[in-house]
Amino acid sequence: MSAIRFERVEKSFGSHVKALDGVDLTVADREFVAIVGASGCGKTTCLRLAAGFEAPTGGRITVGGQPVTEPGPDRAVVFQQFALFPWKTVAQNIAFGLRNKGMPAAERQERVAAAIDMIGLSSHADAYPHQLSGGMQQRVAIARAYVLEPEVLLMDEPFGALDAQTRVVMQEELVRLARKNPRTVLFITHGVEEAVYLADRVAVMTKRPGRIKEMIDVKAVREAERWEEHARIEDVMDLESFVHLRTHIWKSLREEKVAGR
Ligand SMILES: Nc1ncnc2c1ncn2[C@@H]1O[C@H](COP(=O)(O)OP(=O)(O)O)[C@@H](O)[C@H]1O
Ligand SMILES: [Mg+2]
């Protein structure tokens, strides 16, 4: 069964703005799909609909076969802005969702400790967000989502606010996490390289009103060309097979810009 399914999804805001016009997209169980598209094409709208923050004006969205009608514990969301609780420590921020789930304290502590270890912040468990760098804060936000073990992770440009060096570290870290502990992920970005590096498949959106114009199977190439033998993102990005996919997607997006003038 596909974990996330968009069927002819439309979304209008009032009578003037049509953001999405017939989005068809499926994300398989434990698959990592990235959506790329120009600014304003409707990427965030797709994510907000999948999260259940808003309802489509046409078509339908299901997660695990169930129609999405509201936010739910089966879906965790990570936004560009870190959205940590400033008055809670790293450990308390990560524990927050588990507490809401009614998990016993001992199990909660164990899971939180494992999550903090996973993101390499064991020495900062009792620090407050303002004491952390942007990259550390975003690692906490990702750990907070991961620890809930949701069926589905929805991420909207989670590294968009980070400086270039921190972003690279986070991208490498997310790849490590995603391969070690695969989740169903819908990842929004306007970064073509980021999408190709992280995702199993990349969905290219048209300009507004958005539709999916093309799906690119990155995983097949990644496995055939053994990208995983390269630990560093810049080495992967230098591979001919990577450059080929990146250029293909860039051209696809560029056609959209020209067509839209
Ligand atoms: N709540 C809203 N009310 C009116 N227009 C909106 C709203 N949310 C998004 N839009 C419009 O829908 C289009 C798609 O927005 P968005 O999904 O945020 O694009 P992206 O994330 O790809 O940059 C844009 O033209 C935006 O201005
Ligand atoms: Mg957006």
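Ala, Val, Leu, Ile, Met, Phe, Trp, Tyr, Cys and Pro count as nonpolar, Asp, Glu, Lys and Arg as charged, and the others, Gly among them, as polar. On this scheme, the shell around ligand 1 holds four nonpolar, six polar and two charged residues. The structure is a predicted model.

The shell can be listed by name. F13, V17 and A19 belong to the residues around ligand 1. The run from S39 to T45 is also present, with S39, G40, C41, G42, K43, T44 and T45. G37 and R208 complete the list. Two elements, β2 (17-28) and α1 (43-51), each supply at least two residues of this shell. The largest share comes from α1, which gives three residues.

Helix α1 is mostly covered. Seven of its nine residues are buried. These are K43, T45, C46, L47, L49, A50 and A51. An α-helix has 3.6 residues a turn, so residues three or four places apart point the same way.

G52 follows α1 and has a positive phi, near 90 degrees. F53 lies in the loop between α1 and β4 (58-63). The side chain position of F53 has 14 other C-beta atoms within 10 Å. A residue counts as buried at 20 or more such atoms and as exposed at 12 or fewer, so F53 is partly exposed. Beyond its neighbours within four places in sequence, F53 is in contact with R48 and P71. Six of them form an open sheet in the order β6-β7-β8-β3-β9-β10, and the pairing is mixed. β6 (75-78) and β10 (212-217) stand at the edges. Each has a single partner strand, so one side of each is left without a neighbour in the sheet. From one strand to the next, the twist averages 15 degrees.

Two pairings show both senses within this sheet. Strand β3 (residues 32-36) runs parallel to strand β8 (residues 184-189), and five bridges join them. Within this pair, V33 has L186 of β8 as its bridge partner. Strand β9 (residues 201-205) pairs with β10 in the antiparallel sense, again over five bridges. Here M205 has I212 of β10 as its bridge partner. A hairpin of six residues joins β9 to β10.

Domain 1 covers 2-74 + 152-259, and domain 2 covers 84-149. Their centres, taken over C-alpha atoms, are separated by 25 Å. Nine residues from domain 1 and seven residues from domain 2 take part in the contact. On the side of domain 1 that touches domain 2, helix α5 (residues 164-180) gives the most, with three residues. By class, this side of domain 1 has eight nonpolar, one polar and no charged residues. The shell around ligand 1, by contrast, includes six polar and two charged residues.

How values were computed: Residues numbered from 1 in each chain as written. Chains lettered and ligands numbered in written order. Predicted model: local features only at pLDDT ≥ 70, side-chain atom pairs only at ≥ 80, totals over all residues. Near = placed C-beta within 6 Å. Helix = DSSP H or I, 4+ residues; strand = E, 2+ residues; numbered from the N terminus. Domains from an automatic or database assignment. Contact = placed C-beta atoms within 7 Å. Pairing = 2+ DSSP bridges. Axes fitted to C-alpha atoms, helices over the stretch in contact; angles between N-to-C directions.
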